[in-house]
Amino acid sequence: MPKPERLYIYPWESYTENNCNSYFIDGPVKTLIDPGHAHLLHHLEARMAQDGFSLEDVHLALATHPHPDHCEGLLKLKELGALIAMHEEALAFLKSFSAQWEYMTGRKVPDFPVDFFVKEGRLTLDSEVFGVLETPGHAPGSICFYWEKEGVLFSGDVVFVQSVGRVDLPGGNAALLARSIAKLMSLDVQLLCPGHGPTLEGRGDVKENFYLIRQYFFGPQA
Ligand SMILES: [Zn+2]
């Protein structure tokens with residue numbers, strides 16, 4: 001099963017500025033996962049334009065977790081008419097994350113006018129259904145989206161290719177992260193779409209990646 005045609009992958013490849021990968025699904029509800037930093041949104045806008053899309057086309061913008069390099073751009077998407085959503089704990093966490101946020105962005109934590117909260121279970125967007133997995137450890141309110149029909153996992157900063165999310169930021173918790181990774185390992189994933197770095201295609205390679213990172217970071221008993 002190759003990459004779904006309706007999935008557009010916008011990796012962040014700059015080595016001088018930190019930002020996340022963004023993913024756009026051209027479905028009946030046009031969905032953007034992790035718009036990234038507000039001041040870097042024009043990069044995403046330019047990349048989407050090459051594929052014939054604009055930010056105004058986005059119906060729904062989701063954040064995998066409440067770090068500014070993933071969620072700050074939601075505010076602009078909201079201004080442009082999209083609905084925006086994250087996990088309830090992610091929004092609550094932002095209030096206690098203000099010092100770190102200011103350090104990372106040079107600005108105060110904004111109020112996110114979230115349209116709805118995403119929680120463990122299913123997110124049905126017209127004819128498309130996404131599994132939602134609560135996966136704390138890297139950040140409170142961290143969620144992963146599993147597009148089961150296409151075998152795609154959007155893993156945010158929980159799991160990367162050959163690495164896992166850091167747990168040293170406020171709200172980080174290594175034990176919770178290990179549990180979250182174990183939860184993701186049970187999924188049948190053909191394409192791993194992490195929040196940073198390369199994607200990984202192929203069931204065998206994705207499975208191997210899960211075993212490798214779990215053993216390497218948490219030991220054989222994890
Ligand atoms: Zn993060």
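Start at the zinc ion, whose donors follow the spacing H-x1-H-x70-H-x18-D along the chain. Keep in mind as you go that this is a predicted model.

**Stop 1: the zinc site.** Select His65, His67, His138 and Asp157 together with the zinc ion. You will find the metal coordinated by NE2 of His65, ND1 of His67, NE2 of His138 and OD of Asp157, at 2.2 to 2.4 Å. Turn the view around the metal: the angles between the four donor atoms run from 88 to 175 degrees, which makes the arrangement irregular.

**Stop 2: two histidines.** His65 sits in the loop between β4 (60-62) and α2 (68-71), and His138 in the loop between β8 (128-134) and β9 (143-147). This pair links distant parts of the chain, 73 residues apart. Are these two residues buried or exposed? Both His65 and His138 are buried.

**Stop 3: the largest pocket.** By class, its lining has four nonpolar, six polar and three charged residues.

**Stop 4: the second largest pocket.** Next, select Pro11, Trp12, His43, Leu44 and Arg47. Of the 14 residues lining the second largest pocket, those five are the closest to its centre, and the pocket has a volume of about 160 Å³. Which helix gives the most to this lining? Colour helix α1 (residues 41-50) to see it: this helix contributes four residues. The whole lining divides into eight nonpolar, four polar and two charged residues.

Key
Residues numbered from 1 in each chain as written. Predicted model: local features only at pLDDT ≥ 70, side-chain atom pairs only at ≥ 80, totals over all residues. Heavy atoms only, no water. Nonpolar A, V, L, I, M, F, W, Y, C, P; charged D, E, K, R; others polar. 1 Å grid on protein atoms, 1.4 Å probe; cavity = no way out; pocket = protein on both sides within 12 Å on 5 of 7 lines; lining within 4 Å. Points joined across faces, edges and corners; volume = space filled by probe spheres on them. Donors = N, O, S within 2.8 Å, 3.2 Å for Na, K, Ca; no water. Tetrahedral: all angles 85-135°; square planar, octahedral: opposite > 155°, others 65-115°. Buried < 20%, exposed > 50% of the residue type's maximum accessible area, 1.4 Å probe, protein only.
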